[in-house]
Amino acid sequence: MEQRDWTDGHVERWKPVLPELDPDIEGAVTRMKKLSVHLRRVREQSLVDFDLDRQEFDTLHKLAGHGGKAAPSDLAADLDLAPASVTGRLDALERRGFVRRTPSTTDRRRVDVELTDRGRSTWLGAMDFLGNEEERLLHVLDKEERGLLNSMLRRIMVIAEDRGGAHWD
């Protein structure tokens, strides 16, 4: 017999109240929500453990996504922020030794922002903390099941994303 979780009780409570409730849909959606909350809490704890606030992590993450070097305007676009807001974030990150600004090698009017070794290791540490929990959770599934879950979630997300340009970051 399959092990029960909190959601099983939730579905059982609601089924008599809403007889048309599809227990598979309610169960899947409720589990996805609870999993999302759990992973958000783990991510927030990793930020505490690595002494980062959410904005610092997001900025380091976007910079790492550019290979560790980007123009402030690229980061502003990625973060969906005004350039002045990014400047403030970069000032704080630079004071902490996580990034450095250097003159661009291609345009003298431009500055590039680079992750320092300290910034990269702090970002990676926070990422590893969350990544380890994701692996712990998903390793209850074998490789084929993880691929199937990923494929099924992709099919659902294609429909969700088709709803009119929602911002998914």
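This is a predicted model: local features need pLDDT of at least 70, side-chain atom pairs count only at pLDDT 80 or more; totals for chains, interfaces and linings use all residues.

Me: What does the radius of gyration say about the overall form?

Reply: The general idea is to set the value beside that of a compact globule with 169 residues, which would be near 15 Å, whereas the protein has 21 Å. The box filled by the C-alpha atoms, taken along the principal axes, is roughly 65 × 35 × 30 Å. As for contacts between residues at least 6 apart in sequence, 47% of them join residues at least 24 apart.

Me: Which order do the helices and strands follow along the sequence?

Reply: There are 7 helices and 3 strands, and along the sequence they give the pattern α-α-α-β-α-α-β-β-α-α.

Me: How do the strands pair, and in which direction do they run, parallel or antiparallel?

Reply: Pairing is read from the bridges between strands. S1 and S3 are joined by 2 bridges and run antiparallel, with Ala 70 standing opposite Val 113 of S3. Strand S2, residues 99-103, is joined to S3 by 5 bridges, again in an antiparallel arrangement, and here Pro 103 has Val 111 as its bridge partner. S3 is largely enclosed by the rest of the structure, because 4 of its 5 residues are buried.

Me: Turning to helix H4, which of its residues are buried, and where do they lie around the axis?

Reply: In H4, which spans residues 72-79, the buried residues are Leu 75, Ala 76 and Leu 79. Seen down the axis, the buried residues of H4 fall within an arc of 105°, so they line one face of the helix. The face turned away from that buried side carries Ser 73 and Ala 77, which are exposed.

Me: What do the buried residues of H4 pack against, and what follows just after the helix?

Reply: Packing is read from contacts, meaning heavy atoms within 4.5 Å. The buried residues of H4 pack against helices H3 (54-65) and H5 (83-95), and also against strands S1 (69-70) and S3 (111-115). Just after H4, the backbone at Asp 80 takes a positive phi of about 55°.

Key:
Residues are numbered from 1 along each chain as its sequence is written. Side-chain values use heavy atoms; hydrogens and water are left out. Buried means under 20% relative accessible area, exposed over 50%, partly exposed in between (1.4 Å probe, protein chains only). The arc is that of the directions from the helix axis to the C-beta atoms. The radius of gyration is taken over C-alpha atoms; the globule rule is 2.2 Å times the number of residues to the power 0.38.
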